[in-house]
Amino acid sequence: MADDSIAVVDLDRCQPDRCNYECANFCPPNRTGEECIVTREERYDDDRYDGDPDQISISEELCLGETCGICVEKCPFDAIEIINLPQELDEEPVHRYGENAFSLYGLPAPEAGKVTGILGPNGIGKTTAVRILANEITPNLGDWDGAAGWEPVLDEFRGTELQSFLEGLQEEAITVARKPQYVDQIPKRFDGNTRELLAQTDERGVLDELIERLSIGPVMDQPIDSISGGELQRVALAATLARDADFYFLDEITPYLDIGQRMTAARLIGELTGDDRSMLVVEHDLAILDLLADSLHVAYGEPGAYGVITPPKSVKNGINEYLSGYLENENMRIRPNAIEFEEHAPRSVSAGDALVEYPAIEKSYGDGEFSLTVEGGTIHENEVLGVVGPNGIGKSTFAELLAGNLDPDSGSLDANLDVSYKPQYIEIDQPMRVDAFLSSITNDFGSSYWDTEIAQPLQLDSVMEQNLTDLSGGERQRVAIAACLSEDADLYVLDEPSAHIDVEQRVRATTAIRRYAENHDATALVIDHDTYMIDLLADRLLVFDGEPARSGHASPPVGMREGMNRFLADLDVTFRRDERVGRPRINKPGSQLDREQKRAGEYYYTA
């Protein structure tokens, strides 16, 4: 194989007990007597390989490369990828996980006293890069079965911006702290309450301040396994920032947080960054990343196969290049099409006929418990109604009322509607294949219409043969969105469809929801905290306010500008449009534009 190609075998898909080794039998080098594709046990006489000994191993020296591709076509389980690397990528990988496994090229360079950002799709190596810089993984420079240690790595990066950081890390002159990506795994590793967990991390004596700033006082004496995802995220952030470190690595700070909590976290991180503290943040929320970071590395490649970390860029240019799909300095196209935003004022209020006119509704969970009041309003046919507001304010309760899963205490929702509902938290416990699950929902499964409208935008082909219980959080979310849209319904209610999915997947999900509503005269109600997704998706807004966890209130739906102005004014946040690509950007608090827009009452960018 050419030096700029790699072979990747997905061991989760390779099922030798269910095939006849078509990949090996039809491989041209194999047919001439070479051992290009053999079993892992045949390749090695020891246990250096990963996976089942009967699973295949592909020799990258003997493989003919992507121009052949016979093994890729013949594999019945789509377990093989032969990939041509970008011609500009003339370096060895920083780390490779194993034979025919994921490779990472390049590392981000944390900048002293600054916030460094990383932006890229899921499965592209961002977390691997963070773990290397946090000294949790020793990079192998592609020699996956060797044990060279850090010396060759230090030699490799000598003369670069990373040299001093890596040397300081190995000499223990630099200390690091890392917040994990998946905070929902914390209860599986720690048995105790929040106070006991945080007491182990308070190395700087600032825990009381962090508890107050992040509003986690009410859960301090609660068991870790009983608090919500948003509370876990804030506890994890407090635990990390309380440590005494030179560099802090924060892997996704926004999942489960509402926009107000995201802004609080961003402001806190910015305030703590200075001469003796530096931050590296991996994040999919572009508005928060734009506000927070001083420089940005873009990650690109083929998810699950290889990833490339670019040199640092300015935050504005990095995000815009990522959205455009073309990296200028690298002369690299990373996506065939640009991610585009409306370059004009928000869409006008829908003038369609009423799908449902709901009356004033009240719902209480008991004396001293949360209560919700919803003023009467109208949901139009063939519109996407966005729903915004803080966590714990009643948005999901309203969705449950619409779906008929809850009964109101006053007011009637007997509108004779068929509602398809995707809940906020997706619980999947049935060991059922994805294709079997989706085909049980709709007779359209597998049709050209279903593939075009739902499967392709949500990138479901790669997970069809997996079991539901084996899916990652992002994969589970995309399947749940597909399941919701596959129902025959009058109203599609999707609660936080952006959770766990990256920027490109969010745009694809937005496209699927929007296109389905337009092509089928369907109506959707979408609850989400991602401003970009709501901006691309919604025709009107339903705004919730009140006191989180105590009482919530919703006014009738209004136009996007009025709704966003009302919502953002409560948060004291203003947005503008990027002059190049039209994406929403958060104004720096106290900046001239921030002050001007507040004086004009225009919190949601000017027309």
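Okay, so two strands count as paired if DSSP finds at least two bridges between them. Strands here are DSSP runs of E with at least two residues, helices are runs of H or I with at least four, and both are numbered from the N terminus.

Quick note on what we're looking at. It's a predicted model, so to speak about a local feature we need pLDDT of at least 70, and side-chain atom pairs count only at pLDDT 80 or more, while totals for chains, interfaces and linings use all residues. Residues are numbered from 1 along each chain as its sequence is written, and side-chain values use heavy atoms, with hydrogens and water left out.

Let's start with β24, residues 551–554. How does β23 run against β24, parallel or antiparallel? Antiparallel: four bridges link β24 to β23, which spans residues 540–547. Gly546, for one, has Gly552 as its bridge partner. Three residues sit between the two strands of this hairpin, and Ala549 there has a positive phi near 75 degrees.

β24 also pairs with β17, residues 371–374, this time parallel, again through four bridges. Here Thr373 partners His553.

Now the faces. In a regular strand, side chains alternate between the two faces of the sheet. In β24, Gly552 and Ala554 are on the covered face, with Ser551 and His553 on the uncovered one.

Last stop, helix α19, residues 503–519. Its 17 residues reach 24 Å from first C-alpha to last, close to the 24 Å expected at 1.5 Å a residue (that's 1.5 Å times one less than the number of residues). After the helix comes Asp521, with a positive phi near 50 degrees.

Notes
Buried means under 20% relative accessible area, exposed over 50%, partly exposed in between (1.4 Å probe, protein chains only).
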